[in-house]
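Subject: Structure handover

Hi,

Here is the structure for you to look over. My notes follow below it.

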Amino acid sequence: MPTMLKYTGTATRYFETAVTGRPVVWQPGCQQDVPDVNVAALLATGNFQRLEDDVLAVAEIERIRAQSLRPKRWGVMGDSIAGQCSSTTSTTRYLNAKGFLPQLLMRLGFPASFEPEDNFAIAGANSSQMLDVGGQVDQIVASATSSPIERMFISMGTNDPGNGLTYAQTISNLAAIFRRLRDAGIIPVYTCVLPRGNDGAITTAKRTNMAVNSWAHEFAAANSWLEVIDCGVYLANGANAFGNILTAHADGSFLHPNDTGAELMAVAMEEYYVQRG
């Protein structure tokens, strides 16, 4: 590896090199990379200074280069809908076909990486719990300090009404979560509250969920750093209004997408990114 030397002399001089045997011109203040075989001889003349700081510069350049070559890191947070993007057994962790993010990455040609370790979701979590000290948001921000996260896909809101959170509390929590991620250099992506249930009734909770989705689109319109995708557009049962899910795309509880449902969520997300270019 060459060493950067600075010529400290006051007059232009020529110094022969051991590599070629030909003289190399040095002008006052000149800095050049010198093959290691010539460094000792040039320093011995008293006319050169080793630029030690350059070693640090090279290391920093290599760090930045390695970072730029690393695949962009995407993750998920929120409730069990995000949680099913990956699974854990006693021996391994793996990505799930019924997870919307693996489906999206396949459709987009894997522009980023998603590992099971990047799944911060907890089944049954509500938006207040995600903001708790040591909760999902804190964990994500801490993780991003050691390995930058480009995008965090957020599935949350469906558990809030059942846990006694009001519409006002939910949107306040969502806004706080979005901003915490943004301030950590992460693009927040809200996948909206999915339609749920097969009872045909539009309950107060379902109306609240739809109102949260409407608010999220309005919030994103005023804050361009937030990405909001209505991932339930192809899962909604139009015959019973959008609060109910099409059973063909849901599991037996009618709360979570099955493989087909996850794929349709990915279709909606792909359309969003294609339109944005």
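At what angle do the axes of helix α7 and helix α8 cross? The model is predicted, and in it they cross at roughly 40 degrees, coming within 10 Å. Helix α7 covers residues 167-183 and helix α8 covers residues 204-222. The crossing is right-handed. On the α7 side, the contact is made by Tyr167, Thr170, Ile171, Leu174, Ala175, Phe178 and Arg179. α8 supplies Thr208, Ala211, Val212, Trp215 and Phe219. By type, the residues of this contact are 9 nonpolar, 2 polar and 1 charged.

Next, helix α9, residues 259-276. Its 18 residues reach 26 Å from first C-alpha to last, close to the 26 Å expected at 1.5 Å a residue. Its buried residues include Leu264, Met265, Val267, Met269, Glu270, Tyr272 and Tyr273. What covers the buried residues of α9 includes α3, α4, β10, β11 and β12. At the start of α9, a side-chain oxygen of Asn258 comes within 3.1 Å of the backbone nitrogen of Thr260. After α9 comes Gly277, with a positive phi near 80 degrees.

Last, Arg93, in strand β8 (residues 93-95). Is Arg93 buried or partly exposed? Its relative accessible area is 37%, so Arg93 counts as partly exposed. Leaving aside neighbours within four places in sequence, Arg93 is in contact with Ser87, Thr88, Pro116 and Glu117. A polar atom of the Arg93 side chain lies 3.0 Å from the backbone oxygen of Pro116.

Best wishes

Technical notes. Residues numbered from 1 in each chain as written. Predicted model: local features only at pLDDT ≥ 70, side-chain atom pairs only at ≥ 80, totals over all residues. Heavy atoms only, no water. Axes fitted to C-alpha atoms, helices over the stretch in contact; angles between N-to-C directions. Helix = DSSP H or I, 4+ residues; strand = E, 2+ residues; numbered from the N terminus. Left-handed = near helix turned anticlockwise from the far one by under 90°. Contact = heavy atoms within 4.5 Å. Nonpolar A, V, L, I, M, F, W, Y, C, P; charged D, E, K, R; others polar. Expected span 1.5 Å × (residues − 1). Buried < 20%, exposed > 50% of the residue type's maximum accessible area, 1.4 Å probe, protein only. Polar contact = N/O pair within 3.5 Å; in protein donor to acceptor, adjacent residues only side chain to side chain.
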